[in-house]
Amino acid sequence: MEKHEAAFNALIEQDLKIEPHDWMPDEYRKHLIRQVSQHAHSEVIGMQPEGNWLLRAPSLRSKQVLLAKIQDEGGHGLYLYSVAETLNVSREELITQLHEGKARYSSVFNYPTLNWADIGAIGWLVDGAAIVNQVSLQRTSYGPYSRGMVRICMEESFHQRQGYEIMIHMARGTKEQREMAQDAVNRFWFPALMMFGPHDTDSAHTGNAMKWKIKRESNDYLRQKFIDKTVPQVEFLGLTVPDPNCRLNETTGSYEHSPLDWNEFHDVINGYGPCNTDRLDHHRLVHQENKWVREAAVAYAQKTETVNSSI
Ligand code: 3HC
């Protein structure tokens with residue numbers, strides 16, 4: 001064990017990647033499975049709030065753009081479930097945990113999308129927060145996760161821009177559209193800040209995550225980075241940050257803000273958010289309805305394998 005642990009620690013120390021065939025501590029593997037599972041489920045569940053607006057998109061172009069974005073998210077989920085499989089956990093096992101309410105996914109997706117401005121706010125704020133988190137994760141110590149992040153980050157910037165484009169149209173539109181845009185910011189601002197997780201001092205996992213270089217920056221560091229980047233964007237839209245205590249600290253160059261409502265955070269991540277039941281019911285239903293697709297894909301793969309092995 002000592003020899004293996006020394007080799008593992010040396011790889012981490014030298015900022016080299018841990019690959020699936022490398023020895024790794026069980027705790028490192030379990031930590032990664034937990035986080036990658038949460039990440040993969042978030043990508044797929046995150047398709048639902050936006051998917052609700054595909055049939056109600058205001059133009060063919062906006063429908064095409066939203067469809068492309070949602071398809072990207074499904075692909076991100078597939079990359080991440082594949083990363084989890086390199087850690088010897090099956091996709092079926094992760095999906096079962098999700099269906100049994102034993103798996104995490106990003107709390108922000110448990111809020112409803114009430115109108116088209118919400119689709120803009122999700123693309124701009126939620127994907128914007130995801131970009132800040134995922135750019136940092138490009139340097140995570142686990143090789144397959146790091147490489148998956150590089151690919152995902154390329155697509156996220158399109159997601160953030162399409163959301164901000166919607167917000168620009170709404171903020172420069174009619175009085176009603178401006179009010180819808182402001183209302184969307186009001187409802188998604190704090191849930192987007194919660195995407196970065198609890199404060200570092202309250203985080204059960206950040207200590208190990210930083211020790212093993214799974215996380216390269218802490219929850220609070222990345223949250224502040226997102227706030228500092230996004231407040232000027234709110235102001236450019238002519239909208240206001242729904243936080244009376246949000247103000248620029250001239251000395252630090254960062255924005256101060258009100259404390260987050262961690263009771264709401266824990267309620268939502270523990271299943272008591274506005275849409276938790278709908279999100280899981282829908283996922284269970286669609287998973288069952290599309291069982292035939294998975295079975296056909298497996299049958300085809302087995303047939304192809306049989307044919308190839310007989311040549
Ligand atoms: N929603 C749900 N659960 C959350 C959460 C959130 N916003 N933030 C933290 N949690 C959970 C953690 O999963 C952990 O749960 P557990 O102990 O039951 O496993 C607990 O709260 C404690 O939080 P920690 O900060 O100690 O946990 P982590 O070290 O795992 O850090 C994290 C939390 C920063 C979210 C980290 O897991 C992470 O970076 N995850 C991957 C990135 C991610 O989830 N991105 C957003 C979703 S993808 C997306 O937005 C798609 C976009 O394209 C639309």
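**Ligand site and aromatic pairing**

The model is predicted. Helix α2 gives the most, with 6 residues.

In total, 30 residues surround the ligand. The closest are S107, E156, S203, H205 and N219. By residue class, the shell divides into 12 nonpolar, 11 polar and 7 charged residues.

S107, one of the closest residues, places a backbone N or O atom 2.8 Å from a nitrogen atom of the ligand. A polar backbone atom of A204 lies 3.1 Å from an oxygen atom of the ligand. From D127, a polar side-chain atom lies 3.1 Å from an oxygen atom of the ligand. On its own, the ligand has 1000 Å² of accessible area, and the protein covers 93% of it.

Aromatic pairing was also examined. The count comes to 7 aromatic pairs. One of them joins Y28 and W212, with ring centres 5.8 Å apart. The planes of these two rings stand at 85°, over the 60 degrees required, so the pair is edge-to-face. Y28 belongs to helix α2, whereas W212 lies in the loop between α9 (206-211) and α10 (219-236). The two residues therefore tie together parts that are 184 residues apart in sequence. Helix α2 thus holds one partner of this pair, Y28, and also gives the most residues to the shell around the ligand.

Terms used
Residues numbered from 1 in each chain as written. Predicted model: local features only at pLDDT ≥ 70, side-chain atom pairs only at ≥ 80, totals over all residues. Heavy atoms only, no water. Near = heavy atom within 4 Å. Polar contact = N/O pair within 3.5 Å; in protein donor to acceptor, adjacent residues only side chain to side chain. Areas by Shrake-Rupley, 256 points an atom, 1.4 Å probe, with all protein chains shown as cover. Helix = DSSP H or I, 4+ residues; strand = E, 2+ residues; numbered from the N terminus. Nonpolar A, V, L, I, M, F, W, Y, C, P; charged D, E, K, R; others polar. Phe/Tyr/Trp six-rings, centres within 6.5 Å; stacked < 30°, edge-to-face > 60°.
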